[in-house]
Amino acid sequence: MKLVVLGATGGTGIEIVRQAIAQRHEVTAFVRSPEQLKPFAGQITVKQGDLLNSAALADAIKGHQEGGHEAVLSGFGPRVPIAKEDAHLLRNFATALTAAMQRTGVKRIVVISTAFLFKDAILPPAYLFGRLFFPGVVADASAMERIFAASGLDWTILRPPQLTDKPHTGKYRVREAHLPPFGFKISRANVADCFLKTVADPASIRKVLGMSH
């Protein structure tokens, strides 16, 4: 597929890029700091810009290759803790991105969010934990999800629990609308694996997925 990766210099984003190349996808990375993607020189297209700039996003998503891009993968997710000036960062990002996608006609998007939004999770008590310790993350990620849900796009939202730097195994559990029981952690590499499986799966459109080891 022809994919646009956002947040491509973050821990999960770099894994998405690495695995997408390995699977022979064509990748355009839209990033603020292209120098971090030097290891992939010659293998991907890099566009520099601000994730809150809707016009720049639209230009990157539209692409200039025959047929344009087919999907957007956003590894730009919640940061803990949130700085005061970033209180509405994800909401503003979702507003800019949905407008950009509607302008370009690219409809498919897979977005990373957070397991803190699973209200029914008991082991771990994800929502309770998030509300107690990271209320800013819960509020901003909730606002982001609402914008995608109302966008008319073919979205899938991935809500992982705590992310680790453990290796890519391809062994993890996925549940629709729920966090897997005892779903405490998952590696960024396996979240990237889930991104690439999900984007190609029409059954996941307009679904929220929980995943964990």
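**Nonpolar cores and pockets of the predicted model**

The largest nonpolar core contains 36 residues, and those with the most contacts inside it are L6, L57, I61, V72, L97, M101 and I109. A nonpolar core is a set of buried Ala, Val, Leu, Ile, Met, Phe, Trp, Tyr and Cys residues joined through side-chain atoms within 4.5 Å, where buried means under 20% relative accessible area (1.4 Å probe, protein chains only). Two or more residues of this core come from each of β1 (2–6), α2 (54–62), α3 (89–104), β5 (108–112), α5 (135–149) and β6 (154–159); helices (H or I, at least four residues) and strands (E, at least two) are DSSP runs, numbered from the N terminus. The largest share, seven residues, is supplied by α3. Apart from this core lies another, of 29 residues, including I21, Y172, C194 and L209.

The model is predicted: local features need pLDDT of at least 70, side-chain atom pairs count only at pLDDT 80 or more, and totals for chains, interfaces and linings use all residues. Residues are numbered from 1 along each chain as its sequence is written, and side-chain values use heavy atoms, with hydrogens and water left out.

The lining of the largest pocket consists of 27 residues, with T114, F116, P161, Q162 and L163 nearest the pocket centre. A pocket is an open set of points on a 1 Å grid over the protein atoms alone, where a 1.4 Å probe fits, with protein on both sides within 12 Å along at least five of seven lines; lining residues have an atom within 4 Å of a point. At least two lining residues come from each of α1 (11–22), α4 (126–133) and β7 (162–164), and α1 gives the largest share, three residues.

Key
Buried means under 20% relative accessible area, exposed over 50%, partly exposed in between (1.4 Å probe, protein chains only).
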